[in-house]
Amino acid sequence: MHLFKKSKTSDKAKLLSLMQSAAEGSFTLCNEQDFKDKQLAHAYNALIHKFLQSNNQTAMDLNESMDTIGNCSHVRTMLQIVEHQKNNLNLVASTGESLSESISESEQIIHTINKDVASAYQTSMLSKKAMEETITNVNQSYQAILQANQSMNGFSEKSVAIKNILKIVSNIADRTQILALNARIEASRSSDGKGFAIVANEIGTLSVDTQESVKQMEQFIHEILTDIQQLVEQFDNLKSVLETSSNFVRETEQSVFEMAENMQHVIDQITNLYTQINTQNADTKSFTEHAIMIAKDSDLLSTHCKQPGKDMYTISRSIDKIRTRIIKSQSTLSQSELLDVYNTDHLIFTGRLYNMIEGFEELKLKNLNQPAKCKFGIYLQKLNSEQPSTASLFRQANLLHTRLHELATACFYANESGDKEQALKLFEQAQNTYQNFSAELKRLKSADIV
């Protein structure tokens with residue numbers, strides 16, 4: 001670049017002007033033809049060229065450092081793990097609180113069941129006592145029925161004896177009637193048998209009356225025996241029923257007794273369960289308290305983990321500014337080295353999207369949605385104008401570069417709308433696109449296209 005027109009300006013003045021520009025950071029080679037002292041001009045150019053070349057390694061070292069610092073994947077992974085851990089701990093704490101509440105409710109339910117079972121146990125004991133009294137009454141009734149049955153059997157036996165006596169009386173009546181008949185016969189034979197005939201008649205009348213009475217008595221006794229037999233049968237049936245009832249009541253008493261014992265066993269088990277639940281509840285509350293404390297510590301850890309990320313971002317921005325300044329005005333990088341620089345630029349570009357999502361920095365939309373104005377975009381435009389055939393080989397890299405800026409713009413809008421989840425998804429897509437873009441630049445570099 002020619003800074004001076006051929007004039008009468010002295011070589012000293014020209015050199016002082018160039019040195020003043022270099023002191024201000026503009027390292028420009030002079031046109032040796034403008035100097036009378038060609039050796040002096042050549043020496044100056046050699047000095048500046050050497051200086052710029054000496055900064056090439058510094059620029060690339062800084063560029064390599066930014067490759068490491070600008071890669072936010074480790075910080076992002078750490079923050080994701082901490083966030084995941086924090087969410088899990090909060091979930092554990094919440095679950096612990098719910099479990100504690102559930103155990104408290106179970107404790108109340110068990111306490112109520114314990115009271116109900118105890119009440120049922122008392123009721124079963126009262127039922128058992130009532131059963132015992134019932135059995136006593138049934139046994140007493142059973143004994144009374146047995147006695148009544150025995151009395152009925154005795155009365156029946158006596159009725160049979162009366163019937164037998166009536167048969168004897170009937171026989172006597174029959175014999176009396178025969179005797180009366182014989183008396184009449186004898187009276188008819190006797191010449192004077194009136195008195196004897198009267199006696200015979202009276203005896204005959206007595207015999208007839210006796211027979212009538214015996215018949216009536218036989219009828220009454222037959223009816224009494226029939227009634228007694230029915231009564232005996234009824235008493236037998238009642239005795240059978242009472243005996244069955246007595247057996248059933250005994251079985252019921254045994255069942256109630258066993259039920260009472262089982263209830264007592266259930267009460268013991270519920271009491272043990274109640275004690276265990278109380279212990280478990282205390283342990284759960286303690287666990288929940290510790291989980292809540294750990295969750296709070298996790299929140300604090302998350303905050304502290306973000307701080308190194310912010311510090312790393314601040315450091316990386318400072319180093320990047322130095323890198324950019326040296327590359328721009330204090331070095332003479334080759335085209336191959338510039339591809340490494342563009343690669344690092346877009347690694348940092350992609351990482352800054354994550355910094356934006358985490359709130360480490362604010363990005364400007366104009367730096368995201370104009371791919372033609374970034375360094376690589378400007379490089380491609382220059383290549384198109386100066387080396388169209390070479391520029392055509394960058395078609396795939398240009399497509400990936402444009403796509404990366406589109407995803408960055410979409411990520412910006414999602415973050416602005418508060419949709420962090422969508423912003424993270426777009427960031428992941430941008431990261432994948434950058435990986436493809438980086439691989440394409442490395443392919444171009446290895447193929448010695450530039």
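Which residues of α1 are buried? The legends below take α1 first.

The model is predicted, with local features requiring pLDDT of at least 70 and side-chain atom pairs pLDDT 80 or more, while totals for chains, interfaces and linings use all residues. Residues are numbered from 1 along each chain as its sequence is written, and side-chain values use heavy atoms, without hydrogens and water.

**View A. Helix α1, residues 11-23.** Helices are DSSP runs of H or I with at least four residues, numbered from the N terminus. Asp11, Lys14, Leu15, Leu18 and Ala22 are buried in α1 (under 20% relative accessible area; exposed is over 50%, partly exposed in between; 1.4 Å probe, protein chains only). These buried residues line one face of the helix, because they fall within an arc of 95 degrees seen down its axis (directions from the helix axis to the C-beta atoms). The face turned away from the buried side carries exposed Lys12 and Ala23. Gly25, which follows α1, has a positive phi near 105 degrees.

**View B. The largest nonpolar core, with 38 residues.** Such a core joins buried Ala, Val, Leu, Ile, Met, Phe, Trp, Tyr and Cys residues through side-chain atoms within 4.5 Å. Leu353, Phe376, Tyr379, Phe394 and Cys411 have the most contacts inside it. The largest share, 10 residues, comes from α5. Another core of 10 residues lies apart from it, with Leu18, Ala22, Phe27 and Phe35 among them.

**View C. Leu363 in the loop between α5 and α6.** Leu363 counts as buried because its relative accessibility is 13%. Beyond four places in sequence, Leu363 touches Arg352, Leu353, Met356, Leu368 and Phe412 (heavy atoms within 4.5 Å). Leu363 and Leu353, 10 residues apart in sequence, are 7.9 Å apart C-alpha to C-alpha.

Notes. Helices (H or I, at least four residues) and strands (E, at least two) are DSSP runs, numbered from the N terminus. The expected span of a helix is 1.5 Å times one less than its number of residues.
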